Amino acid sequence: MTSPAEDVVAARPQPRRGVSLADAGPPIALVVIFLFFAVVNTQFRSLTNMQNMLDTAAVLAVVTCGISFVLMMGSIDLSVPGVMGASAIAVALLVANNRNDNDLGLIGILIAIGLGAAMGALSGLTLVFLKVPSFMTTLGMSAVGLGVATLMFNGVQPNITDEFLQGWAVNRFLGLSYLTWIAIGCIAIGYLIQRFTRLGRYAYAIGGAEEVLALSGVNVKPYKIAVFALAGAFYGLGGVMVTSQLGAGLVQAGDGYDFSAITAAVVGGTLLTGGRGGVLHSAVGVLLTVVLTNGLVQVGVNLYWQGGVQGLIVVVAVAAAVIPQRRRNQVVK
Amino acid sequence: MKLKSRPAAALISLSLAAVALAGCSEEASGGGNGGSGDGDSAACAKEDVQLLGQVRNESNPYEAAWLDGGDAFAESVGLEQERLTYDGDSTKQQDQITQRLAGDTKCLVMNILPNGDSDTPPIVEGAEAAGVYTVTQWNKPADMNVADYDYWISHITYDGVESGKQIGDALAEAIGGEGGIIALQGVLDTAAAKDRFAGLEASLEENSGVELLDQQTANFSRDEALTVTKTLLSKHGDKVKGIWTANDDMALGALEALKQAGRTDVAVVGIDAVPDALSAIEDGTMTATVSSDGPWQGGVGLAIGYCVAIGELKVEDIADEDRAFYAEQFLINKDNVADFSTPETDPADFECDNVFNRAVGPIS
């Protein structure tokens, strides 16, 4: 999971010892929580439940993958519900459905992802050229997306009849649904972008010290826009995946995914201040939250307690993960 | 509305003007209009009545159908309905109402879906002050008495305990009165979720062969219901014979989870009668749902206000039990789904003599 080489790339003036310790925290927490549930509950460790957890994690993993790039840059992205809602409705109306005669199949899916990327790019443009903080531009973009989705929704639920897209959620390869494989693919691509492309490395550097980057003659603007567009594409794909799961395009497809994704990323060790973490960290964070949600249901924690218990464990996990950094920074904002 | 440089001052003066206008018009009108009302209650000319329907959002099929029902009524009396939505945001709802009340409120009739219980008092107080005929639905604090108001004509809601029990019984029947079920609850701190689940518990008492294996919340959401159902299916496996859900969105999520798990032997019930649930009942994958008849709700709220505004009904003549009542709801299963799959309003329901016909009892 952790790779020392990553830190070399980021070229941060931090002692590597502390970094690796912080990076090891979330995976250790994941293993501990997983083992705990596996020991106390037989049903939890059953094969079907393992499959179920990975399938459940798929959409959140893709969304978190996208948001990780934005967080790495030190920005925040609240546009998830809007972008996912718009792409979910768009894809439902573009592939074979009960509302119109479209049957674009894969092209429809790509258009929906493109819509997500376009909305992300728009957020990025507003941030860079109008100097509106990312918190506000993306919140606004979310509202725009939901508005567009509501317009396209037009009072009648579009149900998909496209077998290719429906198959994503139903068909399995090596025991895992296609959605899970797509998520794994996204994490791999995300990791490659983060590790081997200029875009990924600059995202880190912008989060670490944007001024330094600017002073060394790098024009950071296009990269910022590109990062938001990339994230938007991931959310768009997330919206398509929700549509595949539910068999219908919902305006509410992305409800709650914004904060679940940010939570997962932070739990995994990506800092909201930027410059740290990454796609693999976030993947660990996603698994952690999914294992936690599933485990609490499996062991039968009272449903009125679950929300609170889950929140508490997340806070403890994050606190444990940031102890090494706290010693160094001394400042908590 | 208009652009205002100093919103607070402008609002106050506008609402003052509105109140003054309303006062004048009440004194002026009365005899010459077509309505049969006379004496102290001022009657509006039929063509002067303004109709307003407000719900959370149009992206929800039920609420969209509600507004369509309002349009159907408005058309039947030769008027137009002003459609407002507030995205489930309480602040936005209050802003819209405040703004609207600051405008021309003469002969205005409002049919409102308050976002939550606590959103009702400011709305009806504002409407009372502005002299706007108001009908609210679903949400109202229990200790608020509609009969204390002159312009808050009626509050309509549905007995959640009853609907929860109806589908609980239908589920028990579908699984042959024997076997395990799981329950998906709504947002736990809402009255709808609590009442509906209480209905299920009442049903379980009568159907002793049915065992509640597990209950979880999926927050009325299709997406969450999918995840929770998958988890519960992997936890309880073949013991699950039926799934009780507190609304149709969750029922549809549960159906997707069953499909992905390759299970076809599980009965699913919900509440709300959204179009997708009706088609699922039609093709046999879903067992039952309960309809509150959204289009009727959208129409009747306006109809009640309209009848009072034109003087055909008088607020003081409306029986106390009709000021806040439970309306009739309908269990939909395979036998009668065809009657509900094309939601239509019946103009006869909106005649002034019939607007309270669906009342099944005062709110306890």
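**A helix pair in chain A**

Reply: Happy to! The crossing of α4(A) and α5(A) is right-handed, a crossing being right-handed if the near helix is turned clockwise from the far one by less than a right angle, and left-handed if anticlockwise. This is a predicted model, where local features need pLDDT of at least 70, side-chain atom pairs count only at pLDDT 80 or more, and totals for chains, interfaces and linings use all residues. Residues are numbered from 1 along each chain as its sequence is written, with chains lettered from A and ligands numbered from 1 in the order in which they are written.

Helices here are DSSP runs (H or I, at least four residues), numbered from the N terminus. Helix α4 of chain A spans residues 80-94 and helix α5 of chain A residues 106-129; their axes come within 8 Å and cross at roughly 155 degrees. Those axes are lines fitted to C-alpha atoms over the stretch in contact, and angles run from 0 to 180 degrees between N-to-C directions. The two helices are therefore roughly antiparallel to each other, a label for angles over 145 degrees.

On the α4(A) side, the contact is made by A:V83, A:A86, A:S87, A:A90, A:V91 and A:L94. Facing them from α5(A) are residues including A:G108, A:I109, A:A112, A:G116 and A:G120. Contact requires C-beta atoms, placed from the backbone, within 7 Å. The residues of this contact divide into 11 nonpolar, four polar and no charged; Ala, Val, Leu, Ile, Met, Phe, Trp, Tyr, Cys and Pro count as nonpolar, Asp, Glu, Lys and Arg as charged, and the others, Gly among them, as polar.

Methods. Parallel < 35°, antiparallel > 145°, perpendicular 65-115°, else oblique. Contact = placed C-beta atoms within 7 Å.
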